[in-house]
There are 2 protein chains.
Amino acid sequence: MATLSRLNKIALLGLGAVGGGLAYYQMGRSEKQYDVHNSWTTNYTPSVKWDKNWDHREPESIVRPKRSDKPEDENKYNEQIEKAKSKAVRHLFLIRHGQYNTDGLTDRERILTELGRQQADLTGKRLSCLDIQWDLLVRSTMTRAQETASIIAKHLPKDIEVTDCQLIEEGAPIPPEPPVGHWRPEPKQFFQDGARIEAAFRRYFYRAPPEQTKDSYTLLVCHANVIRFFVCKALQFPPEGWLRISLNHGSITWISILPSGNVVLRCLSETGHMEPKYITSR
Amino acid sequence: MATLSRLNKIALLGLGAVGGGLAYYQMGRSEKQYDVHNSWTTNYTPSVKWDKNWDHREPESIVRPKRSDKPEDENKYNEQIEKAKSKAVRHLFLIRHGQYNTDGLTDRERILTELGRQQADLTGKRLSCLDIQWDLLVRSTMTRAQETASIIAKHLPKDIEVTDCQLIEEGAPIPPEPPVGHWRPEPKQFFQDGARIEAAFRRYFYRAPPEQTKDSYTLLVCHANVIRFFVCKALQFPPEGWLRISLNHGSITWISILPSGNVVLRCLSETGHMEPKYITSR
């Protein structure tokens with residue numbers, strides 16, 4: 001019985017998607033009879049709904065429901081909702097480390113190249129001239145990220161809070177779709193890194209807590225796979241699409257999390273602050 | 001009967017997604033029993049498959065199937081597949097126009113501001129120093145895009161081919177998800193603009209035809225909604241997510257379409273070539 005009712009529910013959801021349009025997108029090309037293109041132009045329903053409670057901080061999901069429809073209960077409830085609401089923007093700046101010695105056998109040998117240090121320096125300069133009051137600098141514990149962050153920090157106020165984080169070390173977040181031939185980590189790598197990088201996402205990505213009154217600006221110096229996975233997750237795009245994005249060394253990716261829980265990508269892989277001769281991605 | 005078998009197929013697809021992971025993503029929070037987080041770490045199937053034939057140019061979809069398994073038929077087939085294959089990269093640079101007079105009542109009054117002209121000039125300079133041999137400059141026919149393109153063109157070789165395109169004028173591509181309060185075009189606008197902007201996507205986004213031997217570089221000077229919709233469509237992310245992206249005036253967004261049909265986003269809303277005082281987005 002349980003199974004049957006589940007099937008029915010999923011079937012109904014499936015049909016909803018067909019009616020609404022991009023079933024095509026969800027199901028792939030193999031189900032040709034469901035290829036409904038552009039049907040939003042006649043009768044639109046989104047193919048994928050935005051999950052408002054993605055960070056488990058949506059006030060309605062936290063506050064105890066109204067006891068009754070009496071005005072005093074309603075007022076109390078509304079007050080508590082208001083108290084639970086986020087009031088500020090959390091800005092996250094995701095910085096990829098500079099170019100490094102890929103021939104190194106251990107992490108400690110994978111240090112920045114001369115060019116990599118220059119990239120970090122140029123990015124530090126750019127960040128400093130944005131006239132932002134940084135709240136926190138988080139550094140991946142891998143050598144190339146630590147080096148990059150140290151060079152960047154030279155351009156930032158001396159009193160900036162700095163923390164090291166192992167969760168944002170480089171890794172294999174989730175098998176990419178479409179798969180690519182030249183990059184095929186072992187399943188156990190996705191198994192271990194995937195959970196870690198998901199944990200990192202949940203550590204840093206959430207709307208501002210209600211007690212935060214000022215917009216905050218956090219710098220995370222980390223790695224290409226981690227940042228690309230974060231971008232897909234934060235925008236609620238399919239996370240396995242992360243390898244459709246390419247990031248330059250030392251690039252700036254800026255994501256804002258609004259009080260509503262909505263998320264905005266403001267730039268991605270920005271290295272316009274570098275002369276073209278400094279730009280590399282591998 | 002037909003209905004039943006459809007239901008079953010969708011039900012199976014739905015279950016596949018649950019087994020594979022991000023059912024949560026596809027179905028939203030309302031179906032709590034299907035919230036399976038991180039299950040790719042145990043048994044991974046992508047939540048959404050990449051559509052390899054998105055531009056209807058996948059060789060296997062064009063070439064007539066093998067007549068038989070005889071070696072001569074096989075050879076002939078393989079030859080034709082080889083001939084139908086794309087051999088070069090198509091690079092598309094999507095430029096948003098500069099800041100403009102939003103108080104203008106007609107398009108002709110919505111001309112660039114002084115700052116908007118400076119932004120266009122800085123972006124032209126940046127594009128010229130990338131050392132790229134541009135093949136084509138496409139300009140939206142709206143005044144602010146025409147002005148921006150003219151200023152940019154001053155920095156490009158005089159012999160660059162220029163075309164005007166009405167399909168890439170600004171509009172309402174598809175109702176955004178999540179919806180936003182301050183921007184609610186009428187249904188008829190989505191109805192008309194949606195089909196036009198989809199047509200624009202199909203005009204400019206496709207892998208290089210087999211006869212193209214050299215990588216090509218196309219500049220499209222157009223508009224924020226159009227560019228954001230293009231990015232989502234090209235990456236096969238849900239197109240209604242386009243408003244989760246913000247684009248600066250005069251910004252550069254770079255997408256590469258590989259011979260395999262795979263698509264790479266190289267940067268988005270890049271304005272690092274401007275001093276911060278020149279950067280605006282509204």
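**Close-up views of a predicted two-chain model**

**Figure 1. The buried helix α8 of chain A.** The buried residues of α8(A) comprise A:Ala224, A:Asn225, A:Val226, A:Ile227, A:Arg228, A:Phe229, A:Phe230, A:Val231, A:Cys232, A:Lys233 and A:Ala234. The model shown here and in the following figures is a predicted one. Because 11 of the 11 residues of α8(A) are buried, this helix is largely enclosed by the rest of the structure. The cover over the buried residues of α8(A) includes, from chain A, the strands β1 (90-96), β4 (216-222), β5 and β6 together with the helix α7.

Figure 2. Most residues other than glycine have a negative phi. A:Gln236 is placed in the loop between α8 (224-234) and β5 (252-257) of chain A. With a relative accessible area of 8%, A:Gln236 falls under the 20% cut-off and is therefore buried.

**Figure 3. The packing of helices α7 and α8 in chain B.** Two packed helices are described by the angle between their axes and the distance between the axes. In chain B, helix α7 (residues 187-204) and helix α8 (residues 224-234) pack at an angle of about 60 degrees, and their axes are 10 Å apart. Because of this angle, α7(B) is oblique to α8(B). The crossing of α7(B) and α8(B) is right-handed. On the side of α7(B), the contact is made by B:Ile197, B:Glu198, B:Ala200 and B:Phe201, while α8(B) contributes B:Val226, B:Phe229, B:Phe230, B:Lys233 and B:Ala234.

Figure 4. Most peptide bonds are trans. In chain A, however, the peptide bond from A:Glu177 to A:Pro178 is cis, with omega near 0 degrees, and A:Pro178 belongs to the loop between β3 (161-165) and α7 (187-204) of that chain. In chain B, B:Glu177 and B:Pro178 are joined by a cis peptide bond with omega of about 0 degrees, and B:Pro178 is situated in the loop between β3 (161-165) and α7 of chain B.

**Figure 5. The positive phi of B:His56.** Although B:His56 is not a glycine, its phi is positive, at about 55 degrees. The residue B:His56 sits in the loop between α2 (23-27) and α3 (59-62) of chain B.

**Figure 6. A:Ser269 and the residues it touches in both chains.** A:Ser269 is part of strand β6 (residues 263-270) of chain A, and A:Ser269 counts as buried because its relative accessibility is 0%. Leaving aside residues up to four places away in sequence, A:Ser269 touches A:Ser246, A:Leu247, A:Asn248, A:Ser251, A:Ile252 and A:Thr253 of chain A, as well as B:Arg266, B:Cys267 and B:Glu270 of chain B.

**Figure 7. Chain A as the setting of these views.** Chain A contains eight helices and six strands, which follow one another along the sequence in the pattern α-α-α-α-β-α-β-α-β-α-β-α-β-β. Of its 282 residues, 56% count as buried. Among the contacts in chain A between residues at least 6 apart in sequence, 70% join residues at least 24 apart. The accessible surface of chain A amounts to about 13200 Å², and 51% of this surface belongs to carbon and sulfur atoms.

Methods
Residues are numbered from 1 along each chain as its sequence is written. Chains are lettered from A and ligands numbered from 1 in the order in which they are written. This is a predicted model: local features need pLDDT of at least 70, side-chain atom pairs count only at pLDDT 80 or more; totals for chains, interfaces and linings use all residues. Side-chain values use heavy atoms; hydrogens and water are left out. Axes are lines fitted to C-alpha atoms, for helices over the stretch in contact, and angles run from 0 to 180 degrees between N-to-C directions. Helices (H or I, at least four residues) and strands (E, at least two) are DSSP runs, numbered from the N terminus. Angles under 35 degrees count as roughly parallel, over 145 as roughly antiparallel, 65 to 115 as roughly perpendicular and the rest as oblique. A crossing is left-handed if the near helix is turned anticlockwise from the far one by less than a right angle, and right-handed if clockwise. Contact means heavy atoms within 4.5 Å. Buried means under 20% relative accessible area, exposed over 50%, partly exposed in between (1.4 Å probe, protein chains only). Accessible areas come from the Shrake-Rupley method with a 1.4 Å probe; for residues, only the protein chains shown count as cover.
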